[in-house]
Amino acid sequence: MPIQRPMNTGIKDGKLVIDLAEADEHWNGLSMEQQYEAMCIVFQPLLDRATAMKAACEKVLPLIEAVGREGVTDMKDWEEAEAMIRAALPETS
């Protein structure tokens with residue numbers, strides 16, 4: 001496959017550098033409390049999903065172990081576990 005020339009992205013790259021510099025200046029102008037609050041807002045959805053996935057895994061593990069020991073488990077438990085996993089997973093398009 002022939003090597004293709006990269007597109008000229010100089011204008012977009014320059015705008016990105018300016019935007020990042022402005023964001024950095026704004027960030028540095030915030031107090032520690034404001035920075036903490038901003039980070040909590042940004043990361044809370046990720047923390048919520050991770051917590052939900054942990055709970056789903058904790059629900060599934062005993063079911064998997066029970067299948068290994070007994071061969072059969074209550075389907076209602078599996079459906080509940082599946083619902084928990086689906087709720088914890090990121091939405092796909």
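The chain averages a pLDDT of 79, and 81% of its residues score at least 70. The model is a predicted one. Its chain contains three helices and zero strands, and from the N terminus on the elements run α-α-α. The points below cover the fold, the surface, the salt bridges and the cysteines.

**Fold and confidence**

- Helix α1 spans residues 10-28, helix α2 spans residues 32-70, and helix α3 spans residues 75-88.
- Among the elements of the chain, the highest mean pLDDT, 85, belongs to helix α2, and the lowest, 79, belongs to helix α3.
- Of the contacts in the chain with a separation of 6 or more, 47% are between residues 24 or more positions apart.

**Burial and surface**

- The chain has 93 residues, of which 9% count as buried.
- A nonpolar patch on the surface is formed by Trp27, Met39, Val42, Phe43 and Leu46. Together these residues have about 500 Å² of accessible area.
- Helix α2 provides the largest share of the nonpolar patch, with four residues.
- Met39, one of the patch residues, is found in helix α2. Met39 counts as partly exposed because its relative accessibility is 43%, a value between the 20% limit for buried and the 50% limit for exposed residues.

- Side chains of opposite charge can pair when their charged atoms come close.
- A search of the whole structure finds three salt bridges.
- One of them joins Lys15 and Asp19, whose closest N and O atoms are 2.9 Å apart. Both residues lie in helix α1, four residues apart, which is about one turn of the helix.
- Asp19 has a relative accessible area of 32% and is therefore partly exposed.
- Another salt bridge joins Lys54 and Glu58, with the closest N and O atoms 2.5 Å apart. Lys54 and Glu58 both belong to helix α2 and are four residues apart, about one turn of the helix.
- Glu58 has a relative accessibility of 48%, so this residue counts as partly exposed.

**Salt bridge between two helices**

- Lys59 forms a salt bridge with Glu80, and the closest N and O atoms are 3.5 Å apart. This pair links distant parts of the chain, with Lys59 in helix α2 and Glu80 in helix α3, 21 residues apart.
- Lys59 is partly exposed because its relative accessible area is 23%.
- Glu80 also counts as partly exposed, because its relative accessibility is 37%.

**Cysteines**

- The count of disulfides comes to zero, where a disulfide would require a pair of cysteine sulfur atoms within 2.5 Å.
- Cys40 counts as partly exposed because its relative accessibility is 30%.
- Cys57 has a relative accessibility of 43%, so Cys57 likewise counts as partly exposed.

Methods: Residues numbered from 1 in each chain as written. Predicted model: local features only at pLDDT ≥ 70, side-chain atom pairs only at ≥ 80, totals over all residues. Heavy atoms only, no water. Patch = residues over 30% accessible without salt bridge, like charges linked within 9 Å, V, L, I, M, F, W, Y side chains within 5 Å. Areas by Shrake-Rupley, 256 points an atom, 1.4 Å probe, with all protein chains shown as cover. Salt bridge = Lys/Arg side-chain N within 4 Å of Asp/Glu carboxyl O. Buried < 20%, exposed > 50% of the residue type's maximum accessible area, 1.4 Å probe, protein only. pLDDT = per-residue confidence, 0-100. Contact = heavy atoms within 4.5 Å.
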